[in-house]
Amino acid sequence: MTQKIAVLGTGKIGEALLGGMLRGGWAPGDVLVSTRRAERAEALRARYGVTAVGNAEAAKTADILILSVKPQDMGALLGELAPHTPADRLVISVAAGIPTAFVEDRLTAGTPVVRAMPNTAALVDEGMTVISGGAHATEDHLAHAERILGGVGATLRLPESQQDAATALSGSGPAYFYYLVEAMTDAGILLGLPRDKAHELIVQAAVGASVMLRDSGEHPVVLREAVTSPGGTTISAIRELEKHGVRAALIAALEAARDRSRELASGR
């Protein structure tokens with residue numbers, strides 16, 4: 001790669017994207033990072049060979065800026081960047097709930113902005129990142145963002161109007177699975193299994209089921225019915241899940257996550 005790219009805010013997701021870019025072909029000398037703490041900057045330099053700079057210097061120097069700060073910190077970051085960011089910079093925001101218009105309004109008129117929502121599975125290169133273009137983002141800008149973010153998993157383009165729903169479903173999605181695995185592990189203990197054995201059984205069941213969903217092309221109902229014998233153990237368990245309203249609870253949970261994403265965009 002011949003372009004310079006800067007990751008502004010290198011927490012878990014920022015660092016995951018950084019690692020993915022380096023594995024995808026960016027040379028460490030072409031990657032800049034910014035952090036709040038000097039010791040964090042030194043750790044990233046030692047681990048990846050990248051250069052730590054201030055936000056203003058990154059805006060002046062880099063061709064692509066990845067904004068990976070918390071939503072509540074985005075306004076302050078854009079205030080630092082605005083005087084130093086020419087309109088030809090590609091800006092990729094991975095802050096939950098922040099619309100492209102929020103970024104565009106605070107930078108030079110005409111700046112191309114791409115909104116992206118990765119999830120934490122990016123840490124193991126199995127993430128899903130949903131991408132939406134702003135008012136000035138072209139096909140080339142979107143393809144460039146996909147190339148960068150594809151280093152840590154799959155990407156999917158959606159209209160920005162669907163980003164809050166995608167955040168609820170995919171951005172927060174891993175947490176729901178962890179919650180379910182935790183509950184099923186506890187159930188295994190209640191049924192008499194040691195915790196480590198229950199955990200191992202559930203994790204492998206989850207991995208296997210995920211691969212089957214991804215690779216078989218079958219609808220989840222078809223795969224579930226293949227496990228659900230008449231009068232058997234699985235249908236007894238499904239009956240209890242339905243009796244306790246698990247399906248309705250999941251729908252309500254995702255609606256709550258979507259609504260919170262909208263609140264973040266409004267600064268609440």
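The end C-alpha atoms of residues 4-97 lie 27 Å apart, and this span is 40% helix and 19% strand, with helices (H or I, at least four residues) and strands (E, at least two) taken as DSSP runs numbered from the N terminus. The UniProt record, in an unreviewed entry, places the feature "domain: Pyrroline-5-carboxylate reductase catalytic N-terminal" at residues 4-97; UniProt positions follow the numbering used here, feature names are shortened, and annotations may be inferred rather than shown by experiment. The model is a predicted one, in which local features need pLDDT of at least 70 and side-chain atom pairs count only at pLDDT 80 or more, while totals for chains, interfaces and linings use all residues. Residues are numbered from 1 along each chain as its sequence is written, and side-chain values use heavy atoms, with hydrogens and water left out.

Stepping back to the whole chain, there are 12 helices and 8 strands. Along its principal axes the C-alpha trace spans about 70 × 40 × 35 Å. Of the 268 residues, 37% count as buried, where buried means under 20% relative accessible area, exposed over 50%, and partly exposed in between (1.4 Å probe, protein chains only). Among contacts (heavy atoms within 4.5 Å) with a separation of 6 or more, residues 24 or more positions apart account for 62%.

Asn55 carries the feature "binding site" in the unreviewed UniProt entry, and it lies in helix H3 (residues 55-61). Asn55 counts as buried because its relative accessibility is 15%. Leaving out residues up to four places away in sequence, Asn55 touches Leu8, Ser34, Leu77, Glu80 and Leu81.

Thr85 sits in the loop between helix H4 (74-81) and strand S5 (90-93). With a relative accessible area of 3%, Thr85 is buried. Apart from neighbours within four places in sequence, Thr85 is in contact with Ala59, Leu65, Leu107 and Thr108.

Asp125 is found in the loop between strand S6 (113-117) and strand S7 (127-133). Asp125 is not a glycine, yet it has a positive phi of about 60°. Most residues other than glycine have a negative phi. Asp125 is partly exposed, with a relative accessible area of 30%.

Helix packing can be followed through two pairs. The axes of helix H7 (residues 163-171) and helix H12 (residues 246-265) come within 8 Å and cross at roughly 130°; axes are lines fitted to C-alpha atoms, for helices over the stretch in contact, and angles run from 0 to 180 degrees between N-to-C directions. H7 is therefore oblique to H12, since angles under 35 degrees count as roughly parallel, over 145 as roughly antiparallel, 65 to 115 as roughly perpendicular and the rest as oblique. The contact is made by Asp164, Ala165, Thr167, Ala168 and Leu169 of H7 and by Leu254, Ala257, Arg258, Ser261 and Arg262 of H12.

For helix H8 (residues 173-190) and helix H9 (residues 195-216), the axes come within 9 Å and cross at roughly 135°. This makes H8 oblique to H9. Residues on the H8 side of the contact include Val181, Met184 and Ile189, while those on the H9 side include Arg195, His199 and Val203.
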